[in-house]
Protein chains: 4
Amino acid sequence: MARVAQAGDRVLLIDRRRRRHIITLEPDKRFHTDKGVILHNDLIGRPYGRQVYTHIGEPFIVLQPSIADLAKAVRRITQIVYPKDSGYILIRMNVHAGMRIIEGGTGSGSLTMVLAHAVMPTGHVYSYERRPEMSALAAENLAHAGLDRYVTLHVRDIAEGFIERDVDGVFLDVREPWLYLAQSAEALTGGGFFGALVPTTNQVSALLEAMEGGPWYDVEVVELLMRRYKVNAQRLRPEDRMVAHTAYLIFARYVPDYTAAEEEGEEASQTPSEEEA
Amino acid sequence: MARVAQAGDRVLLIDRRRRRHIITLEPDKRFHTDKGVILHNDLIGRPYGRQVYTHIGEPFIVLQPSIADLAKAVRRITQIVYPKDSGYILIRMNVHAGMRIIEGGTGSGSLTMVLAHAVMPTGHVYSYERRPEMSALAAENLAHAGLDRYVTLHVRDIAEGFIERDVDGVFLDVREPWLYLAQSAEALTGGGFFGALVPTTNQVSALLEAMEGGPWYDVEVVELLMRRYKVNAQRLRPEDRMVAHTAYLIFARYVPDYTAAEEEGEEASQTPSEEEA
Amino acid sequence: MARVAQAGDRVLLIDRRRRRHIITLEPDKRFHTDKGVILHNDLIGRPYGRQVYTHIGEPFIVLQPSIADLAKAVRRITQIVYPKDSGYILIRMNVHAGMRIIEGGTGSGSLTMVLAHAVMPTGHVYSYERRPEMSALAAENLAHAGLDRYVTLHVRDIAEGFIERDVDGVFLDVREPWLYLAQSAEALTGGGFFGALVPTTNQVSALLEAMEGGPWYDVEVVELLMRRYKVNAQRLRPEDRMVAHTAYLIFARYVPDYTAAEEEGEEASQTPSEEEA
Amino acid sequence: MARVAQAGDRVLLIDRRRRRHIITLEPDKRFHTDKGVILHNDLIGRPYGRQVYTHIGEPFIVLQPSIADLAKAVRRITQIVYPKDSGYILIRMNVHAGMRIIEGGTGSGSLTMVLAHAVMPTGHVYSYERRPEMSALAAENLAHAGLDRYVTLHVRDIAEGFIERDVDGVFLDVREPWLYLAQSAEALTGGGFFGALVPTTNQVSALLEAMEGGPWYDVEVVELLMRRYKVNAQRLRPEDRMVAHTAYLIFARYVPDYTAAEEEGEEASQTPSEEEA
């Protein structure tokens, strides 16, 4: 049976100029646009993937928002994590239903939402943020997305350590992740997934230096570039401009009794190329 | 409590030369390496994230394989989908626990595994493959990964149509995806997610041409490039070589009564830039 | 002896907001800026690489413009060729002092200038443009840059053929380069360099198809991406945004009696990878 | 008149497996291949861009080598500079006939050749190398390419300073370019072009730090990526693999009395984006 919009749903409305609006359906409410009014009652009980018209006849497309739509639409102060990066984080850190994962640096809660969406319904995200007002903003964003039940927000300086133990993964989106490696190790289960995101090469170097000789195995540093193409069959070409940089991503597995000295070969070949595996 | 390896688990063993081996634990079995023998009994009941030694003292790291590890390790005839691409597919198509998704072109089952891992435990993947021997290979790979219960494999030419209806997503990894747009529309719920993967620009053009004027909204064409860095704090730099190309990814939402003619502006601006949203 | 600015020189003036101005020095003239006036006489006879001040004390840096500066500063209607592309064109087509090269599609004359700068003082550029007003604009731009003596501008449809014979290179920057392959072959010396620039993949395919089976050897198709970094030692990272696409470049050598059928192996391996050579 | 091969010419011979051979023509000599013998006399006096056959009938294409061909073919110990990088260096540093330029770090002489080719016939390259055997190798390579008359090779530690004064450009291809900024400034004319090439981000940071507050204006840090496409009109797509990294390029203009403190705005905006100019 086709998906039908219901009261309480988050709904994505897109106008003819491709502007995106996300609203929560409530009986008898109205959504005011610059091209007229849409009645929530005209959406509730009707299938998704249709057009709806304002009282002056302007069409809007009605969709269920994807997690990418929701994560982009958060009210935010901080930079959000881009889908090209969050998608790779999910795969590389094995994030899946049932997983317990810690996030250091809640920020506006955008990545928190993506993680919650991936671990639900049986997993949980424990997200730490030092600034109370930032954590409150994230709480609001998570509630709007209907994902708050899968997340515990801690207002706490992670220098004091994480509260949870034997978690499957720890992801750090903080300015100086190298300061919290011991805390990450303490919280992780053996073989657990460590990840971090930093914007500058100096931070990558500082983090790698701190990880050397520690219990961090299979270390990987990557960056992802995404190039969009113009949607034109006869004149296919990339868009003129693109995002050149968001962040460097660093990953490792936590292996308590590992010492790199036992390795053969040099660090450059530590991670096998994708195509060799 | 720390994760403990159990009989039946898929286990990832990595030697000092970074070669990766995935085995299924069975009591009393032996794993033969070129550096000696490891007894499965030495792994069963012991925590992950440790080292184990062969009878001649060679160390191996013992880990739970991630879905990326499993997807790379499939026995395969066809090209696999890379993590940089499959991660973005998950995010962009909103793949999550509980989703019902169709895959056209099972191939070796590598992407099937990634999809199954993302929709479990409550969702399901319906994967179609015309070649019986290919489908059988995928079945074997899925069983090894313990993901077969989340997947229905159909040996069937998708030109005849998909069997399921009102699914949340359809992803096509076939040579001529433009031939199966009607079948995809028939199977999708309103607002559902369409995706496809093709290696050449000619195929992108052919697919876009076939989608024009149809019920396909918010069309996006992207490619992702991943660059690895050498793991060296003092001499940080990208690896010398990288994968230059895997595939172009095409996405859209299925909106039955949509006609592009109603849009303002030109097709080039159809998808808002990532940073504008 | 240090370089000294002289009457008639093209001079690059850069203000504190990094805006660039190129002027031609004339005795007793004045350069009016929004931050005051600079007397040309304050520049003539003085060395380059200094600061000069307007009558209200605003500093400007005084430099000799590079060919990249000049090519960017042209008055233009058409898209210019970017330095990342023109630099590679020079190297790949062996453009050097003394070379005779044809350009199909003068446009605003930006690439013409780069070619002229590279073949001077003993070589020559023959540049063709169908639109008289466009050719006139290019003539003006070339004169301003002091490069007009190295260029002959033809107002002529290249479908009628090029006038020169036995030239060392032909470069086409036109919408349908595949229409002018015979004309290019007719003008080129044996072993001469062919190049073309097109923005879309459809054009690349059309050009490659037209070249198949013809006297075109060592065909290469490339694209170049340039990423700038923020100039910050402590927080080194790429700029947020970049140019994602300018054009695809196609190159070949003209070998009159060559037929591809004699080749061993497949077309994919036609051009040896850079690192194999 | 078509170009004709003459005794003393460097000639590029390419076999059917696309292997490239560069030889110097001498009357009565023979070129031995694994597919038979070619007599130099069969090449001398005949036009370029033809096929020649060995005594057993194997065809070879006969071309004049481009500077890219010559630079790739050097006997070398060190890494060579790639065409994508050397082309941009030529444009960005305004290298042209008549220029006087210093190169710090001759290495195998590959970039030296590209510079010599660009400044000839009236300019000159002064290239420094500390290791006598390396300089001797470069001398041999330059002589083979017929470019030695445009180059003066110094065997000298550049810490002691460059010998020339008021040169138009200085390019450093050495491990620690930040140690030689004072020497570079001493040799450059006012407004002259400074350039450097380093493989790691740590070196970029060290160089930028050393340049801060000095007479270095319009500093730019870039990297170039080149992606080749398969030469296939019907199945156009990038090659599977590419060179992911060669080097970071750093450029600046030498402005003796410049102090960055006078700038408005922040360092991030120091270089205007390519498309703003």
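This is a predicted model: local features need pLDDT of at least 70, side-chain atom pairs count only at pLDDT 80 or more; totals for chains, interfaces and linings use all residues.

## Stop 1: A covered helix

Now select helix H3 itself, residues 110-119 of chain A. How many of its 10 residues are buried? The count is 10 of 10, so to speak a helix that is mostly covered.

## Stop 2: Zoom out to chain A

Show the whole of chain A next. Its secondary structure consists of six helices and 14 strands. Along the principal axes, the C-alpha atoms of chain A fill a box of roughly 70 × 50 × 35 Å. Chain A has 277 residues, and 51% of them count as buried. Look also at contacts in chain A between residues at least 6 apart in sequence: 63% of these join residues at least 24 apart.

Domain 1 covers 10-65 and domain 2 covers 68-276. The C-alpha centres of these two domains of chain A lie 34 Å apart. Where they touch, domain 1 of chain A brings six residues and domain 2 of chain A brings six residues. On the domain 1 side, strand S1 (10-14) and strand S2 (20-24) of chain A each supply at least two residues. Which strand gives the most to that side? It is S2(A), with three residues. Sorted by class, the domain 1 side of this contact has three nonpolar, one polar and two charged residues.

## Stop 3: A helix with a neighbour from another chain

Stay in chain A and select helix H6, residues 201-211. Its buried residues are Thr201(A), Gln203(A), Val204(A), Ser205(A), Leu207(A), Leu208(A) and Met211(A). What covers them? From chain A, the cover includes helix H5 (181-187) and strands S11 (188-198), S12 (216-229) and S14 (248-254). Chain D takes part too, with its own helix H6 (201-211).

## Stop 4: Where chain A meets chain C

Bring chain C into view. Here 17 residues of chain A are in contact with 17 residues of chain C. On the chain A side, H6 and strand S13 (241-243) are the elements that give two or more residues, and S13(A) gives the most, with three. That side divides into six nonpolar, five polar and six charged residues.

Select S13 in both chains. The two strands run antiparallel and are joined by three bridges. Met242(A) stands opposite Met242(C).

A rotation of 180 degrees, with 0.0 Å of shift along its axis, places chain A on chain C with an RMSD of 0.0 Å. The two copies are therefore related as by a two-fold rotation axis. Which residue of chain A comes closest to the rotation axis? It is Met242(A), whose C-alpha lies at 2.8 Å. Both copies use the same surface, as 100% of the contact residues of chain A recur in chain C.

## Stop 5: Where chain D meets chain C

Show chains C and D together. In this pair, 84 residues of chain D are in contact with 84 residues of chain C. Strand S12 (216-229) of chain D provides the largest share of the chain D side, 12 residues. By class, the chain D side has 39 nonpolar, 20 polar and 25 charged residues.

Now pick S12 in both chains: they pair in the antiparallel sense over nine bridges. Look for Leu225(C), which stands opposite Leu225(D).

## Stop 6: A sheet in chain B

For the last stop, select the four strands of an open sheet in chain B, ordered S2-S1-S6-S5 with antiparallel pairing. The edge strands are S2 (20-24) and S5 (50-53), each pairing on one side only. Neighbouring strands here are turned by 35 degrees against each other on average, direction ignored. Finish at S5(B) and S6(B) (residues 59-63), which run antiparallel and are joined by four bridges. There, Tyr53(B) has Pro59(B) as its bridge partner.

Key
Residues are numbered from 1 along each chain as its sequence is written. Chains are lettered from A and ligands numbered from 1 in the order in which they are written. Two residues are in contact if their C-beta atoms, placed from the backbone, lie within 7 Å. Ala, Val, Leu, Ile, Met, Phe, Trp, Tyr, Cys and Pro count as nonpolar, Asp, Glu, Lys and Arg as charged, and the others, Gly among them, as polar. Two strands pair if DSSP finds at least two bridges between them. A residue is buried if 20 or more other C-beta atoms lie within 10 Å of its own, exposed if 12 or fewer, and partly exposed in between; C-beta atoms are placed from the backbone. Axes are lines fitted to C-alpha atoms, for helices over the stretch in contact, and angles run from 0 to 180 degrees between N-to-C directions. Domain bounds come from an automatic or database domain assignment. Copies are superposed by least squares on the C-alpha atoms of residues with pLDDT of at least 70 in both.
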